[in-house]
Protein chains: 2
Amino acid sequence: MKNNDRNNSPIGIFDSGIGGLTVLKEVSALLPNEKAVYIGDTARVPYGIKSKETVLSYSRELCATLIEKNVKLIIVACNTASAYALHELQSELSIPVTGVIEPGASRAVETSKSGKIGVIATEATIKSKAYSEAIKSLSPDAEIIEIACPLFVPLAEEGWIDNDVAEATAKKYLSAFMADNGTTPGKPTIDTLVLGCTHYPLLKDTISNIMGSNVSIVDSASATADYVSALLNEQNLSAPGDQKGSYDFYATDSTERFSRVGGNFFGEKLSKVELLKLK
Amino acid sequence: MKNNDRNNSPIGIFDSGIGGLTVLKEVSALLPNEKAVYIGDTARVPYGIKSKETVLSYSRELCATLIEKNVKLIIVACNTASAYALHELQSELSIPVTGVIEPGASRAVETSKSGKIGVIATEATIKSKAYSEAIKSLSPDAEIIEIACPLFVPLAEEGWIDNDVAEATAKKYLSAFMADNGTTPGKPTIDTLVLGCTHYPLLKDTISNIMGSNVSIVDSASATADYVSALLNEQNLSAPGDQKGSYDFYATDSTERFSRVGGNFFGEKLSKVELLKLK
(Lines give C-alpha, C1' and ligand atoms only; values in the text may rest on other atoms or scores of the structure.)
Protein backbone atom coordinates (compact mmCIF):
# COMPACT_ATOMS: atom_id res chain seq x y z
CA MET A 1 0.00 0.00 0.00
CA LYS A 2 1.26 3.43 -0.86
CA ASN A 3 1.77 6.25 1.55
CA ASN A 4 0.32 8.98 -0.67
CA ASP A 5 1.74 11.91 1.25
CA ARG A 6 5.24 10.73 0.59
CA ASN A 7 4.49 9.60 -2.97
CA ASN A 8 3.27 13.08 -3.78
CA SER A 9 6.36 14.67 -2.25
CA PRO A 10 9.08 16.07 -4.47
CA ILE A 11 12.52 14.63 -5.12
CA GLY A 12 15.27 16.83 -3.67
CA ILE A 13 18.37 17.48 -5.72
CA PHE A 14 21.37 19.64 -5.07
CA ASP A 15 24.59 20.66 -6.73
CA SER A 16 27.25 23.30 -6.23
CA GLY A 17 25.75 25.18 -9.16
CA ILE A 18 24.00 24.50 -12.44
CA GLY A 19 25.72 21.23 -13.41
CA GLY A 20 23.16 19.06 -11.59
CA LEU A 21 20.51 20.36 -13.96
CA THR A 22 21.75 17.76 -16.47
CA VAL A 23 20.77 15.14 -13.89
CA LEU A 24 17.36 16.74 -13.31
CA LYS A 25 16.90 16.83 -17.11
CA GLU A 26 17.36 13.04 -17.28
CA VAL A 27 15.14 12.48 -14.21
CA SER A 28 12.35 14.63 -15.67
CA ALA A 29 12.56 12.80 -19.02
CA LEU A 30 12.40 9.36 -17.38
CA LEU A 31 9.97 10.22 -14.55
CA PRO A 32 7.60 12.89 -15.90
CA ASN A 33 5.23 12.53 -12.92
CA GLU A 34 7.81 13.44 -10.31
CA LYS A 35 8.03 16.90 -8.77
CA ALA A 36 11.47 18.14 -7.79
CA VAL A 37 13.14 20.82 -5.69
CA TYR A 38 16.58 21.81 -7.02
CA ILE A 39 19.14 23.82 -5.06
CA GLY A 40 22.21 25.23 -6.81
CA ASP A 41 24.73 26.49 -4.26
CA THR A 42 25.90 29.29 -6.55
CA ALA A 43 27.13 31.39 -3.62
CA ARG A 44 29.81 28.78 -2.92
CA VAL A 45 30.44 27.22 -6.33
CA PRO A 46 32.74 25.46 -7.23
CA TYR A 47 33.06 22.60 -4.75
CA GLY A 48 35.70 20.91 -6.93
CA ILE A 49 38.64 22.80 -5.45
CA LYS A 50 37.44 22.77 -1.82
CA SER A 51 38.40 20.42 1.00
CA LYS A 52 36.40 17.38 2.08
CA GLU A 53 35.48 19.01 5.38
CA THR A 54 34.08 22.11 3.66
CA VAL A 55 32.14 20.13 1.04
CA LEU A 56 30.65 17.87 3.73
CA SER A 57 29.53 20.84 5.81
CA TYR A 58 27.89 22.53 2.79
CA SER A 59 26.20 19.27 1.77
CA ARG A 60 24.72 18.75 5.24
CA GLU A 61 23.31 22.27 5.20
CA LEU A 62 21.68 21.84 1.76
CA CYS A 63 20.19 18.46 2.71
CA ALA A 64 18.66 19.98 5.85
CA THR A 65 17.09 22.68 3.67
CA LEU A 66 15.70 20.09 1.24
CA ILE A 67 14.26 18.04 4.10
CA GLU A 68 12.51 21.18 5.41
CA LYS A 69 10.93 21.32 1.95
CA ASN A 70 9.56 17.81 2.55
CA VAL A 71 11.48 15.89 -0.11
CA LYS A 72 11.18 12.09 -0.18
CA LEU A 73 14.61 11.28 -1.63
CA ILE A 74 17.78 13.28 -2.22
CA ILE A 75 20.02 13.17 -5.27
CA VAL A 76 23.51 14.51 -4.63
CA ALA A 77 23.88 15.68 -8.22
CA CYS A 78 27.43 16.85 -7.78
CA ASN A 79 30.39 14.55 -8.26
CA THR A 80 32.54 16.29 -5.66
CA ALA A 81 29.82 16.12 -3.01
CA SER A 82 29.07 12.51 -3.97
CA ALA A 83 32.75 11.65 -3.52
CA TYR A 84 33.21 13.52 -0.27
CA ALA A 85 29.85 13.46 1.52
CA LEU A 86 27.55 10.69 0.26
CA HIS A 87 28.35 8.00 2.81
CA GLU A 88 27.99 10.42 5.75
CA LEU A 89 24.67 11.75 4.39
CA GLN A 90 23.34 8.23 3.85
CA SER A 91 24.10 7.26 7.43
CA GLU A 92 22.85 10.53 8.95
CA LEU A 93 19.57 11.06 7.06
CA SER A 94 16.36 9.07 7.38
CA ILE A 95 15.36 9.31 3.69
CA PRO A 96 17.14 7.62 0.75
CA VAL A 97 20.13 9.50 -0.62
CA THR A 98 21.92 8.71 -3.86
CA GLY A 99 24.93 10.19 -5.56
CA VAL A 100 25.98 10.19 -9.20
CA ILE A 101 29.17 8.17 -8.91
CA GLU A 102 27.91 4.68 -8.09
CA PRO A 103 25.26 4.67 -10.86
CA GLY A 104 27.86 5.88 -13.38
CA ALA A 105 30.44 3.34 -12.22
CA SER A 106 27.92 0.54 -12.32
CA ARG A 107 26.83 1.34 -15.87
CA ALA A 108 30.47 1.58 -16.98
CA VAL A 109 31.14 -1.93 -15.68
CA GLU A 110 28.00 -3.28 -17.44
CA THR A 111 29.00 -1.55 -20.68
CA SER A 112 32.71 -2.34 -20.92
CA LYS A 113 33.74 -5.55 -22.69
CA SER A 114 37.50 -5.07 -22.48
CA GLY A 115 37.45 -3.96 -18.84
CA LYS A 116 39.47 -0.90 -19.87
CA ILE A 117 37.55 2.12 -18.64
CA GLY A 118 38.35 5.82 -18.80
CA VAL A 119 36.98 8.41 -16.39
CA ILE A 120 37.02 12.17 -16.95
CA ALA A 121 36.05 14.54 -14.14
CA THR A 122 37.15 17.60 -12.16
CA GLU A 123 40.45 17.69 -10.30
CA ALA A 124 38.77 17.00 -6.94
CA THR A 125 36.72 14.05 -8.18
CA ILE A 126 39.79 12.44 -9.77
CA LYS A 127 41.84 13.09 -6.64
CA SER A 128 39.15 11.45 -4.48
CA LYS A 129 39.52 8.20 -6.52
CA ALA A 130 35.78 7.75 -5.98
CA TYR A 131 35.11 6.46 -9.51
CA SER A 132 38.03 4.06 -9.59
CA GLU A 133 37.09 2.68 -6.16
CA ALA A 134 33.44 2.26 -7.17
CA ILE A 135 34.43 0.54 -10.43
CA LYS A 136 36.98 -1.71 -8.69
CA SER A 137 34.44 -2.76 -6.07
CA LEU A 138 32.22 -4.08 -8.90
CA SER A 139 34.97 -5.34 -11.18
CA PRO A 140 38.29 -5.83 -9.39
CA ASP A 141 40.18 -6.57 -12.63
CA ALA A 142 39.10 -3.41 -14.42
CA GLU A 143 41.88 -1.19 -15.75
CA ILE A 144 40.99 2.42 -15.12
CA ILE A 145 42.57 5.59 -16.49
CA GLU A 146 41.36 8.80 -14.81
CA ILE A 147 42.00 12.24 -16.28
CA ALA A 148 41.04 15.65 -14.83
CA CYS A 149 39.60 17.99 -17.49
CA PRO A 150 39.12 21.28 -15.60
CA LEU A 151 38.46 23.39 -18.72
CA PHE A 152 35.35 21.44 -19.69
CA VAL A 153 33.31 23.15 -16.95
CA PRO A 154 33.92 26.75 -18.09
CA LEU A 155 33.55 25.67 -21.75
CA ALA A 156 30.10 24.22 -20.98
CA GLU A 157 29.10 27.36 -19.06
CA GLU A 158 30.32 29.59 -21.91
CA GLY A 159 28.25 27.51 -24.34
CA TRP A 160 31.41 26.66 -26.30
CA ILE A 161 30.53 23.00 -26.69
CA ASP A 162 31.31 22.23 -30.33
CA ASN A 163 33.55 25.01 -31.64
CA ASP A 164 37.28 24.89 -32.42
CA VAL A 165 38.26 25.72 -28.82
CA ALA A 166 36.12 22.88 -27.44
CA GLU A 167 37.60 20.48 -30.01
CA ALA A 168 41.22 21.50 -29.35
CA THR A 169 40.67 21.23 -25.59
CA ALA A 170 39.01 17.83 -25.83
CA LYS A 171 41.72 16.51 -28.18
CA LYS A 172 44.40 17.57 -25.73
CA TYR A 173 42.76 15.99 -22.67
CA LEU A 174 41.53 12.85 -24.44
CA SER A 175 44.92 12.07 -25.99
CA ALA A 176 45.64 10.36 -22.66
CA PHE A 177 43.23 7.59 -23.74
CA MET A 178 44.89 7.03 -27.13
CA ALA A 179 47.58 4.45 -27.92
CA ASP A 180 51.20 5.52 -27.51
CA ASN A 181 50.16 8.26 -25.11
CA GLY A 182 48.29 10.24 -27.73
CA THR A 183 50.75 9.85 -30.57
CA THR A 184 48.31 7.47 -32.26
CA PRO A 185 45.10 9.47 -32.46
CA GLY A 186 42.00 7.48 -33.25
CA LYS A 187 43.37 4.36 -31.50
CA PRO A 188 41.72 4.43 -28.09
CA THR A 189 43.05 2.11 -25.43
CA ILE A 190 39.69 2.03 -23.59
CA ASP A 191 36.25 0.88 -24.74
CA THR A 192 34.17 2.90 -22.25
CA LEU A 193 34.49 6.49 -21.08
CA VAL A 194 32.60 7.81 -18.04
CA LEU A 195 31.57 11.49 -18.03
CA GLY A 196 32.23 11.96 -14.33
CA CYS A 197 31.12 15.56 -14.04
CA THR A 198 27.60 16.87 -14.46
CA HIS A 199 28.78 19.60 -16.82
CA TYR A 200 30.28 17.18 -19.33
CA PRO A 201 27.07 15.89 -20.99
CA LEU A 202 26.93 19.23 -22.85
CA LEU A 203 30.22 18.31 -24.55
CA LYS A 204 29.17 14.70 -25.21
CA ASP A 205 29.06 14.97 -29.02
CA THR A 206 32.48 16.62 -29.22
CA ILE A 207 33.96 14.02 -26.86
CA SER A 208 32.29 11.15 -28.69
CA ASN A 209 33.55 12.33 -32.11
CA ILE A 210 37.12 12.38 -30.84
CA MET A 211 36.92 9.02 -29.07
CA GLY A 212 35.31 7.35 -32.10
CA SER A 213 32.55 4.79 -32.43
CA ASN A 214 34.43 2.00 -30.64
CA VAL A 215 34.18 3.82 -27.30
CA SER A 216 30.87 3.89 -25.40
CA ILE A 217 30.23 7.12 -23.54
CA VAL A 218 28.63 6.58 -20.12
CA ASP A 219 26.71 9.58 -18.88
CA SER A 220 26.41 9.54 -15.07
CA ALA A 221 23.35 11.80 -15.27
CA SER A 222 21.36 9.29 -17.27
CA ALA A 223 22.62 6.35 -15.17
CA THR A 224 21.54 8.20 -12.03
CA ALA A 225 18.02 8.78 -13.38
CA ASP A 226 17.66 5.02 -14.00
CA TYR A 227 18.91 4.30 -10.50
CA VAL A 228 16.46 6.78 -8.94
CA SER A 229 13.59 5.26 -10.88
CA ALA A 230 14.45 1.78 -9.54
CA LEU A 231 14.89 3.10 -6.00
CA LEU A 232 11.49 4.87 -5.98
CA ASN A 233 9.81 1.68 -7.24
CA GLU A 234 11.55 -0.51 -4.71
CA GLN A 235 10.58 1.75 -1.80
CA ASN A 236 7.03 2.37 -3.06
CA LEU A 237 7.76 6.07 -3.31
CA SER A 238 6.92 6.74 -6.98
CA ALA A 239 4.58 9.62 -7.76
CA PRO A 240 1.02 8.77 -8.75
CA GLY A 241 0.52 8.45 -12.52
CA ASP A 242 -1.84 11.41 -12.64
CA GLN A 243 0.63 13.81 -10.99
CA LYS A 244 2.24 16.33 -13.31
CA GLY A 245 5.95 16.97 -12.80
CA SER A 246 6.90 20.46 -11.67
CA TYR A 247 10.17 21.98 -10.58
CA ASP A 248 11.16 24.52 -7.95
CA PHE A 249 14.57 26.06 -8.52
CA TYR A 250 16.62 27.75 -5.82
CA ALA A 251 20.05 29.36 -6.11
CA THR A 252 22.05 30.65 -3.14
CA ASP A 253 23.31 33.66 -5.15
CA SER A 254 23.01 35.23 -8.60
CA THR A 255 19.64 33.84 -9.68
CA GLU A 256 19.90 35.77 -12.96
CA ARG A 257 23.01 33.89 -14.07
CA PHE A 258 21.55 30.60 -12.82
CA SER A 259 18.46 31.13 -15.01
CA ARG A 260 20.40 32.30 -18.05
CA VAL A 261 23.12 29.62 -18.14
CA GLY A 262 21.05 26.90 -16.47
CA GLY A 263 18.56 26.77 -19.32
CA ASN A 264 21.24 25.21 -21.57
CA PHE A 265 21.87 22.55 -18.94
CA PHE A 266 18.23 21.70 -18.23
CA GLY A 267 17.39 21.75 -21.93
CA GLU A 268 14.58 24.26 -21.55
CA LYS A 269 14.03 27.67 -20.02
CA LEU A 270 13.89 27.49 -16.23
CA SER A 271 10.70 28.59 -14.57
CA LYS A 272 11.19 31.13 -11.78
CA VAL A 273 14.42 30.76 -9.79
CA GLU A 274 14.23 31.89 -6.17
CA LEU A 275 17.08 33.18 -4.05
CA LEU A 276 17.74 30.89 -1.08
CA LYS A 277 19.47 32.62 1.79
CA LEU A 278 21.45 30.16 3.87
CA LYS A 279 21.53 30.83 7.58
CA MET B 1 59.69 62.09 10.47
CA LYS B 2 58.88 58.47 10.01
CA ASN B 3 56.74 56.41 12.28
CA ASN B 4 58.96 53.31 12.22
CA ASP B 5 56.39 50.93 13.61
CA ARG B 6 54.11 51.54 10.70
CA ASN B 7 56.95 51.70 8.17
CA ASN B 8 58.05 48.24 9.22
CA SER B 9 54.52 46.90 8.97
CA PRO B 10 53.54 44.70 6.06
CA ILE B 11 51.31 45.60 3.13
CA GLY B 12 48.04 43.66 3.18
CA ILE B 13 46.73 42.21 -0.04
CA PHE B 14 43.73 40.03 -0.75
CA ASP B 15 42.05 38.32 -3.64
CA SER B 16 39.37 35.70 -4.12
CA GLY B 17 42.13 33.23 -4.92
CA ILE B 18 45.55 33.13 -6.54
CA GLY B 19 45.08 35.83 -9.19
CA GLY B 20 46.24 38.63 -6.89
CA LEU B 21 49.65 36.97 -6.74
CA THR B 22 50.40 38.65 -10.10
CA VAL B 23 49.91 41.97 -8.27
CA LEU B 24 52.12 40.89 -5.37
CA LYS B 25 54.74 39.80 -7.93
CA GLU B 26 54.85 43.33 -9.37
CA VAL B 27 54.85 44.91 -5.89
CA SER B 28 57.74 42.71 -4.75
CA ALA B 29 59.74 43.50 -7.90
CA LEU B 30 59.22 47.26 -7.51
CA LEU B 31 59.40 47.43 -3.69
CA PRO B 32 61.82 44.72 -2.57
CA ASN B 33 61.99 46.10 1.01
CA GLU B 34 58.29 45.72 1.69
CA LYS B 35 56.86 42.81 3.66
CA ALA B 36 53.40 41.60 2.69
CA VAL B 37 50.56 39.47 4.02
CA TYR B 38 48.52 37.85 1.24
CA ILE B 39 45.10 36.23 1.74
CA GLY B 40 43.55 34.15 -1.03
CA ASP B 41 39.91 33.42 -0.26
CA THR B 42 40.06 30.00 -1.91
CA ALA B 43 37.13 28.70 0.15
CA ARG B 44 34.82 31.14 -1.64
CA VAL B 45 36.50 31.65 -5.03
CA PRO B 46 35.38 32.87 -7.54
CA TYR B 47 33.90 36.25 -6.64
CA GLY B 48 33.26 37.02 -10.33
CA ILE B 49 29.87 35.36 -10.44
CA LYS B 50 28.65 36.50 -7.00
CA SER B 51 26.44 39.44 -6.09
CA LYS B 52 27.69 42.83 -4.94
CA GLU B 53 26.31 42.28 -1.45
CA THR B 54 28.14 38.96 -1.06
CA VAL B 55 31.45 40.30 -2.41
CA LEU B 56 31.25 43.33 -0.11
CA SER B 57 30.63 41.18 2.94
CA TYR B 58 33.57 38.86 2.09
CA SER B 59 35.85 41.86 1.44
CA ARG B 60 35.02 43.44 4.80
CA GLU B 61 35.83 40.19 6.56
CA LEU B 62 39.20 39.80 4.82
CA CYS B 63 40.17 43.44 5.51
CA ALA B 64 39.37 42.98 9.21
CA THR B 65 41.66 39.93 9.24
CA LEU B 66 44.47 41.86 7.52
CA ILE B 67 44.11 44.74 9.98
CA GLU B 68 44.42 42.26 12.87
CA LYS B 69 47.73 41.30 11.25
CA ASN B 70 48.81 44.94 11.56
CA VAL B 71 49.05 45.87 7.86
CA LYS B 72 49.71 49.52 6.94
CA LEU B 73 47.91 49.59 3.59
CA ILE B 74 45.52 47.23 1.81
CA ILE B 75 45.55 46.29 -1.87
CA VAL B 76 42.26 44.89 -3.08
CA ALA B 77 43.99 42.73 -5.71
CA CYS B 78 40.78 41.41 -7.16
CA ASN B 79 38.93 43.21 -9.90
CA THR B 80 35.50 42.08 -8.76
CA ALA B 81 36.10 43.22 -5.19
CA SER B 82 37.64 46.48 -6.45
CA ALA B 83 34.52 47.09 -8.54
CA TYR B 84 32.03 46.16 -5.85
CA ALA B 85 33.66 47.02 -2.52
CA LEU B 86 36.52 49.53 -2.86
CA HIS B 87 34.62 52.73 -2.14
CA GLU B 88 32.92 51.27 0.93
CA LEU B 89 36.25 49.91 2.25
CA GLN B 90 37.98 53.25 1.68
CA SER B 91 35.35 55.09 3.66
CA GLU B 92 35.11 52.50 6.44
CA LEU B 93 38.80 51.77 7.12
CA SER B 94 41.36 54.04 8.74
CA ILE B 95 44.33 52.86 6.62
CA PRO B 96 44.83 53.52 2.88
CA VAL B 97 43.07 51.07 0.57
CA THR B 98 43.66 50.79 -3.15
CA GLY B 99 42.11 48.62 -5.84
CA VAL B 100 43.45 47.52 -9.19
CA ILE B 101 40.91 49.25 -11.44
CA GLU B 102 41.79 52.94 -11.03
CA PRO B 103 45.55 52.41 -11.54
CA GLY B 104 44.85 50.33 -14.66
CA ALA B 105 42.34 52.84 -16.02
CA SER B 106 44.70 55.73 -15.36
CA ARG B 107 47.60 54.07 -17.17
CA ALA B 108 45.34 53.21 -20.11
CA VAL B 109 44.37 56.87 -20.50
CA GLU B 110 48.05 57.95 -20.31
CA THR B 111 49.02 55.30 -22.89
CA SER B 112 46.28 55.66 -25.49
CA LYS B 113 46.82 58.15 -28.34
CA SER B 114 43.65 57.41 -30.29
CA GLY B 115 41.42 57.34 -27.19
CA LYS B 116 40.11 53.96 -28.35
CA ILE B 117 40.63 51.59 -25.44
CA GLY B 118 39.71 47.94 -25.02
CA VAL B 119 39.11 46.26 -21.67
CA ILE B 120 39.04 42.50 -21.09
CA ALA B 121 37.91 41.09 -17.74
CA THR B 122 35.56 38.62 -16.06
CA GLU B 123 31.82 38.75 -16.59
CA ALA B 124 31.23 40.50 -13.25
CA THR B 125 33.88 43.17 -13.77
CA ILE B 126 32.54 43.98 -17.24
CA LYS B 127 28.98 44.05 -15.93
CA SER B 128 30.00 46.45 -13.15
CA LYS B 129 31.23 48.95 -15.79
CA ALA B 130 33.94 49.87 -13.28
CA TYR B 131 36.71 50.19 -15.89
CA SER B 132 34.67 52.21 -18.36
CA GLU B 133 33.50 54.56 -15.61
CA ALA B 134 37.06 55.00 -14.30
CA ILE B 135 38.38 55.66 -17.82
CA LYS B 136 35.52 58.06 -18.65
CA SER B 137 36.10 60.03 -15.45
CA LEU B 138 39.68 60.70 -16.62
CA SER B 139 38.97 61.02 -20.32
CA PRO B 140 35.31 61.70 -21.08
CA ASP B 141 35.79 61.34 -24.86
CA ALA B 142 37.42 57.91 -24.69
CA GLU B 143 35.76 55.18 -26.75
CA ILE B 144 35.75 51.97 -24.74
CA ILE B 145 34.99 48.42 -25.86
CA GLU B 146 34.64 45.93 -23.00
CA ILE B 147 34.68 42.16 -23.53
CA ALA B 148 34.24 39.40 -20.93
CA CYS B 149 36.74 36.54 -21.42
CA PRO B 150 35.68 33.98 -18.80
CA LEU B 151 37.85 31.16 -20.16
CA PHE B 152 41.11 33.03 -19.60
CA VAL B 153 40.93 32.34 -15.84
CA PRO B 154 40.78 28.53 -16.07
CA LEU B 155 43.35 28.57 -18.90
CA ALA B 156 45.79 30.49 -16.68
CA GLU B 157 45.14 28.13 -13.76
CA GLU B 158 45.66 25.09 -16.01
CA GLY B 159 48.96 26.59 -17.20
CA TRP B 160 47.69 26.58 -20.79
CA ILE B 161 48.97 30.05 -21.56
CA ASP B 162 50.58 29.68 -24.99
CA ASN B 163 49.31 26.45 -26.54
CA ASP B 164 46.79 26.02 -29.39
CA VAL B 165 43.80 26.13 -27.01
CA ALA B 166 44.96 29.43 -25.50
CA GLU B 167 45.53 30.87 -28.97
CA ALA B 168 42.15 29.74 -30.35
CA THR B 169 40.38 31.09 -27.26
CA ALA B 170 42.18 34.43 -27.40
CA LYS B 171 41.53 34.80 -31.14
CA LYS B 172 37.84 34.22 -30.60
CA TYR B 173 37.50 36.73 -27.76
CA LEU B 174 39.85 39.36 -29.22
CA SER B 175 38.14 39.36 -32.63
CA ALA B 176 35.75 41.86 -31.02
CA PHE B 177 38.59 44.42 -31.16
CA MET B 178 39.32 43.86 -34.86
CA ALA B 179 37.93 45.88 -37.75
CA ASP B 180 34.69 44.65 -39.33
CA ASN B 181 33.82 42.77 -36.15
CA GLY B 182 36.69 40.32 -36.47
CA THR B 183 36.43 39.68 -40.19
CA THR B 184 39.63 41.71 -40.68
CA PRO B 185 42.11 40.06 -38.35
CA GLY B 186 45.24 42.03 -37.64
CA LYS B 187 43.41 45.35 -37.99
CA PRO B 188 42.70 46.38 -34.42
CA THR B 189 40.26 49.23 -33.83
CA ILE B 190 41.87 50.10 -30.47
CA ASP B 191 45.41 51.20 -29.60
CA THR B 192 45.39 50.15 -25.93
CA LEU B 193 44.08 47.02 -24.24
CA VAL B 194 43.65 46.76 -20.47
CA LEU B 195 44.10 43.34 -18.84
CA GLY B 196 41.32 43.86 -16.31
CA CYS B 197 41.69 40.59 -14.44
CA THR B 198 44.62 39.55 -12.29
CA HIS B 199 44.82 36.17 -14.03
CA TYR B 200 45.36 37.66 -17.48
CA PRO B 201 49.03 38.72 -17.18
CA LEU B 202 49.92 35.02 -17.58
CA LEU B 203 48.40 35.14 -21.08
CA LYS B 204 49.97 38.50 -21.94
CA ASP B 205 52.30 37.18 -24.68
CA THR B 206 49.54 35.25 -26.42
CA ILE B 207 47.20 38.26 -26.24
CA SER B 208 49.91 40.64 -27.40
CA ASN B 209 50.81 38.43 -30.40
CA ILE B 210 47.21 38.42 -31.57
CA MET B 211 46.65 42.15 -31.04
CA GLY B 212 49.90 43.04 -32.82
CA SER B 213 52.56 45.65 -32.14
CA ASN B 214 50.26 48.65 -32.67
CA VAL B 215 48.30 47.86 -29.50
CA SER B 216 49.79 48.62 -26.06
CA ILE B 217 48.87 46.10 -23.40
CA VAL B 218 48.18 47.71 -20.01
CA ASP B 219 48.68 45.36 -17.11
CA SER B 220 46.66 46.48 -14.07
CA ALA B 221 48.99 44.53 -11.77
CA SER B 222 52.02 46.56 -12.79
CA ALA B 223 50.06 49.85 -12.76
CA THR B 224 48.87 49.04 -9.24
CA ALA B 225 52.43 48.42 -8.00
CA ASP B 226 53.45 51.88 -9.28
CA TYR B 227 50.44 53.42 -7.58
CA VAL B 228 51.22 51.69 -4.26
CA SER B 229 54.82 52.88 -4.44
CA ALA B 230 53.67 56.49 -4.89
CA LEU B 231 51.09 56.18 -2.12
CA LEU B 232 53.62 54.79 0.39
CA ASN B 233 56.02 57.63 -0.42
CA GLU B 234 53.34 60.27 -0.13
CA GLN B 235 52.16 58.99 3.24
CA ASN B 236 55.68 58.37 4.59
CA LEU B 237 54.87 54.71 4.97
CA SER B 238 57.67 53.14 2.90
CA ALA B 239 59.71 50.35 4.48
CA PRO B 240 63.24 51.22 5.61
CA GLY B 241 65.89 50.52 2.99
CA ASP B 242 67.57 47.86 5.12
CA GLN B 243 64.38 45.81 5.54
CA LYS B 244 64.22 42.61 3.52
CA GLY B 245 60.90 41.82 1.87
CA SER B 246 59.14 38.69 3.12
CA TYR B 247 55.72 37.27 2.42
CA ASP B 248 53.12 35.48 4.50
CA PHE B 249 50.58 33.56 2.46
CA TYR B 250 47.17 32.50 3.75
CA ALA B 251 44.46 30.59 1.93
CA THR B 252 40.98 30.01 3.33
CA ASP B 253 40.88 26.46 1.90
CA SER B 254 43.01 24.02 -0.10
CA THR B 255 46.49 25.35 0.71
CA GLU B 256 48.05 22.56 -1.39
CA ARG B 257 46.40 23.77 -4.60
CA PHE B 258 47.14 27.41 -3.69
CA SER B 259 50.84 26.56 -3.36
CA ARG B 260 51.01 24.44 -6.48
CA VAL B 261 49.13 26.72 -8.90
CA GLY B 262 50.07 29.98 -7.17
CA GLY B 263 53.76 29.54 -7.86
CA ASN B 264 53.12 30.17 -11.58
CA PHE B 265 51.31 33.39 -10.71
CA PHE B 266 53.89 34.71 -8.25
CA GLY B 267 56.76 33.72 -10.53
CA GLU B 268 58.51 31.67 -7.88
CA LYS B 269 57.72 28.88 -5.45
CA LEU B 270 55.58 30.11 -2.56
CA SER B 271 57.01 29.80 0.90
CA LYS B 272 54.73 28.11 3.42
CA VAL B 273 51.01 28.74 2.88
CA GLU B 274 48.90 28.65 6.03
CA LEU B 275 45.24 27.77 6.29
CA LEU B 276 43.16 30.71 7.51
CA LYS B 277 39.90 29.69 9.13
CA LEU B 278 37.31 32.45 8.83
CA LYS B 279 34.99 32.82 11.76
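In the predicted model, the contact between the two domains of chain A involves 23 residues of domain 1 and 23 residues of domain 2. The domain assignment places residues 4-99 + 222-275 of chain A in domain 1 and residues 102-220 in domain 2. The centres of the two domains of chain A, taken over C-alpha atoms, are separated by 23 Å. On the side of domain 1 of chain A that touches domain 2, at least two residues each come from α2 (21-30), α4 (79-92), α11 (220-234) and α12 (255-266). This side of domain 1 of chain A consists of 10 nonpolar, 11 polar and 2 charged residues.

Chain A as a whole contains 12 helices and 12 strands. Its radius of gyration is 18 Å, close to the 19 Å given by the globule rule for 279 residues, so chain A is as compact as a globular protein of that length. The C-alpha trace of chain A spans about 55 × 40 × 40 Å along its principal axes. Of the 279 residues in chain A, 54% are buried. Among contacts in chain A with a separation of 6 or more, 74% are between residues 24 or more positions apart.

The contact between the chains draws 18 residues from chain A and 20 residues from chain B. On the chain A side, the elements giving two or more residues are α8 (152-158) and α9 (164-174). Of the elements of chain A, α9(A) gives the most to this side, with 5 residues. By class, the side of chain A that touches chain B divides into 7 nonpolar, 4 polar and 7 charged residues.

Within chain B, helix α3 (residues 52-68) packs against helix α4 (residues 79-92) at an angle of about 65 degrees, and the two axes are 9 Å apart. The crossing of α3(B) past α4(B) is right-handed. From α3(B), the residues B:K52, B:V55, B:L56, B:S59 and B:C63 take part, and these meet B:T80, B:A81, B:Y84, B:A85, B:E88 and B:L89 of α4(B). This contact of α3(B) with α4(B) comprises 7 nonpolar, 2 polar and 2 charged residues. An α-helix has 3.6 residues a turn, so residues three or four places apart point the same way.

Helix α4 of chain B is also among the elements that cover the buried residues of α5(B). Helix α5 (residues 101-111) of chain B has B:I101, B:E102, B:P103, B:G104, B:A105, B:R107 and B:A108 as buried residues. Besides α4, the cover over these residues of α5(B) includes β5 (116-121), α7 (130-138), β9 (192-195), β10 (216-219) and α11 (220-234) of chain B.

Residue B:Y200 lies in the loop between β9 and α10 (204-211) of chain B. B:Y200 counts as buried because it has 29 C-beta neighbours inside 10 Å, where 20 or more are required. When neighbours within four places in sequence are left aside, the contacts of B:Y200 are with B:I120, B:F152 and B:L195. The C-alpha atoms of B:Y200 and B:S220 lie 9.5 Å apart, whereas the two residues are 20 residues apart in sequence.

Notes:
Residues are numbered from 1 along each chain as its sequence is written. Chains are lettered from A and ligands numbered from 1 in the order in which they are written. This is a predicted model: local features need pLDDT of at least 70, side-chain atom pairs count only at pLDDT 80 or more; totals for chains, interfaces and linings use all residues. Domain bounds come from an automatic or database domain assignment. Two residues are in contact if their C-beta atoms, placed from the backbone, lie within 7 Å. Helices (H or I, at least four residues) and strands (E, at least two) are DSSP runs, numbered from the N terminus. Ala, Val, Leu, Ile, Met, Phe, Trp, Tyr, Cys and Pro count as nonpolar, Asp, Glu, Lys and Arg as charged, and the others, Gly among them, as polar. Axes are lines fitted to C-alpha atoms, for helices over the stretch in contact, and angles run from 0 to 180 degrees between N-to-C directions. A crossing is left-handed if the near helix is turned anticlockwise from the far one by less than a right angle, and right-handed if clockwise. The radius of gyration is taken over C-alpha atoms; the globule rule is 2.2 Å times the number of residues to the power 0.38. A residue is buried if 20 or more other C-beta atoms lie within 10 Å of its own, exposed if 12 or fewer, and partly exposed in between; C-beta atoms are placed from the backbone.
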